[in-house]
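Student: I would like a close look at a single part of this model. Please take me through it in one go.

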Amino acid sequence: MKAASKTGGPMEAVGVPAMAIRLQGVTAGYGARVALEDVHLEIPVGALVAVVGPNGGGKSTLLKLIAGVLKPWTGSIEVLGAAAGREAHRVAYVPQAELVDWSFPVNVWNVAMMGRYPRLGPLRQPGRADREAVSTALERVDMLGRARTPIGALSGGQRRRAFLARAMAADADLYLLDEPVTGVDVPTQEAIMALLSAEAEKGKAVVATTHDLGAAVKHFKSVVAVNRRIVASGPATLLTDPEILSQTYGGHLLVLGDNLGILDDSHHHDDPAGSERHFHEDHPAGRS
Amino acid sequence: MNLVLDPLAYPFFLRALAASSIVGLVCATVGSYMVLRGLAFMGDALSHSAFPGVVVAYLLKVPFYFGASIAAVGTALAIGWVTRQGKLRSDTATGVLFAGMFALGVFLFSLIPNYVGDLFGFLFGEVLGIGMSDLISLAVLAALVLGTVALLWKELLYATFDPLGAAASGLPVGRLDYLLLALIALTIVISLQSVGIILVVAMLVTPAATAQVISKSFGRLVVIAGSIGVFCPIVGLYCSYWLNSASGATVVLVESAVFCVVLMSTLVAGRIGHPSGAFGS
């Protein structure tokens with residue numbers, strides 16, 4: 001079976017690349033419910049990986065395991081050469097937009113500065129180097145002009161870029177992003193992916209979940225398809241294989257020629273309310 | 001006769017002013033984190049669970065700070081622990097533990113042969129009766145709480161705003177949660193004599209809630225909440241002196257009035273700014 005043969009193999013066949021992430025025989029879940037079973041996965045340094053799969057298929061669980069915030073029931077997880085969670089200061093995590101409290105009284109600058117907190121430790125206050133790192137990160141995501149804007153007054157795309165700036169300010173070696181391009185307009189999607197791609201080129205590992213199969217094929221070099229277990233992992237073009245798609249999404253998949261589409265009868269709307277309706281970036285998502 | 005200066009001639013009034021301003025400041029600071037975490041109910045719960053500690057301290061004739069701290073911090077940690085076991089929601093664990101602790105307090109209280117005024121004061125506050133030694137203990141505990149927040153403000157902020165992101169980047173989010181609960185418990189202990197068990201929650205939540213209505217950054221939230229926290233007890237104590245009313249309740253009423261005025265004026269300003277209706281769409 002094609003999909004199975006690719007399971008657990010190295011993501012890219014370039015000699016023996018250094019591994020940023022290695023999961024071996026990992027099973028994990030919540031309470032008594034299994035979310036992921038017997039996962040074997042290796043992601044090399046410099047990879048730009050999309051994690052795709054249906055809702056409840058274990059995409060976010062996989063990110064949390066790698067981040068070290070969820071402990072596996074069995075198996076081992078190695079991240080940046082140590083047990084998951086050990087090299088946490090080198091990991092930047094960007095949560096799903098819908099899990100963020102957008103009424104929280106912080107502005108864009110504050111959010112980006114949080115990326116510096118873990119390396120500062122409790123005794124030190126943010127100094128000049130931290131302000132410079134935040135400033136550079138905000139400039140890269142084109143949000144420096146919005147530094148003093150409260151996060152509640154930002155559009156969906158600006159909110160993602162503010163969190164992306166936090167990850168960049170942290171100067172991490174591994175980026176974990178939960179749905180970074182869901183519900184944002186195409187230009188923002190392109191801009192975010194260009195930044196992530198540049199980070200991967202610099203030798204950082206980037207792992208992002210996504211609902212958007214089109215975006216996965218277009219913008220990512222590799223994919224991991226999960227549905228309670230790893231269905232396939234390899235180059236992004238795997239997602240053009242109908243068999244892999246049907247194994248990943250069960251009966252909810254519709255393939256129309258070259259176009260990919262998902263018929264997902266479960267409510268896969270993780271997007272923050274209204275964010276998919278932004279036609280232009282300057283329109284604030286929050287209510288005034 | 002001078003309505004403002006006359007009361008200052010009384011040492012008890014000066015002590016009360018100092019005590020309630022310190023309490024107001026500490027409550028507003030810790031309260032800022034509480035309102036952002038949705039822990040308002042936790043404040044009420046922990047103040048009630050301090051009661052058995054107060055009664056036991058009274059029976060053993062030790063300073064009430066010891067008994068109240070042990071009972072409140074113990075309950076805070078127990079709530080955190082029960083919740084982390086994952087079988088119960090945190091509000092359920094809170095409800096069970098605080099009601100049980102308060103009942104224990106009432107039970108012990110009822111065993112005392114003659115009901116005592118001192119203890120009654122802990123239910124409703126009696127800041128005008130605070131002695132010098134209590135004021136010093138209060139100031140020391142206040143410095144401890146404020147010092148801890150000054151040291152860990154940014155870690156507590158990150159863990160409050162984005163617990164997942166904070167944990168992923170290595171902050172000990174679980175331990176910070178416990179620490180915040182312990183700080184809330186200590187703050188309540190500090191406040192007991194000023195406003196009493198029943199009304200402490202207002203001192204914790206109302207200034208921070210007022211500030212939240214008008215703040216767009218966390219720094220400003222804390223500064224505004226702290227200012228309200230210091231200012232309202234002063235006004236409240238004067239009112240209580242002039243009207244001969246219960247001091248704790250008067251302070252809380254002043255804070256509530258400030259909250260109402262601020263909320264109403266922002267809503268009115270919002271309506272004027274957006275004629276189509278601030279509450280629309």
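Student: Which exposed residues does the face of α5(B) turned away from its buried side carry?

Tutor: A caution comes before the details: this is a predicted model. The face of α5(B) turned away from the buried side carries four names: B:Val106, B:Phe107, B:Ser110 and B:Leu111, each exposed. Now take the helix itself. α5 of chain B covers residues 90–111. At 1.5 Å a residue, its 22 residues should span 32 Å. The end C-alpha atoms are 32 Å apart, so expectation and model agree. Next, the buried side. Buried in α5(B) are B:Ala93, B:Thr94, B:Leu97, B:Phe98, B:Met101, B:Gly105 and B:Phe109. Viewed down the helix axis, these buried residues fall within an arc of 120 degrees, so they line one face of α5(B).

Helix α2(A), residues 59–67, is mostly covered, with nine of its nine residues buried. Among them are A:Lys59, A:Leu62, A:Lys64 and A:Ile66. Just after α2(A), A:Gly68 has a positive phi of about 85 degrees. α2(A) lies across β1, β2 and β4 of chain A, and runs at about 120 degrees to β1(A).

Those strands belong to an open sheet of four, ordered β2-β1-β4-β5 in chain A, with antiparallel pairing. β2 (33–44) and β5 (82–83) of chain A are the edge strands; each has a single partner, so one side of each lacks a neighbour in the sheet. Within the sheet, β1(A) (residues 19–30) and β4(A) (residues 74–79) pair antiparallel over five bridges. A:Leu23 has A:Ile77 in β4(A) as its bridge partner.

Methods:
Residues are numbered from 1 along each chain as its sequence is written. Chains are lettered from A and ligands numbered from 1 in the order in which they are written. This is a predicted model: local features need pLDDT of at least 70, side-chain atom pairs count only at pLDDT 80 or more; totals for chains, interfaces and linings use all residues. A residue is buried if 20 or more other C-beta atoms lie within 10 Å of its own, exposed if 12 or fewer, and partly exposed in between; C-beta atoms are placed from the backbone. Helices (H or I, at least four residues) and strands (E, at least two) are DSSP runs, numbered from the N terminus. Two strands pair if DSSP finds at least two bridges between them. Two residues are in contact if their C-beta atoms, placed from the backbone, lie within 7 Å. Axes are lines fitted to C-alpha atoms, for helices over the stretch in contact, and angles run from 0 to 180 degrees between N-to-C directions. The expected span of a helix is 1.5 Å times one less than its number of residues. The arc is that of the directions from the helix axis to the C-beta atoms.
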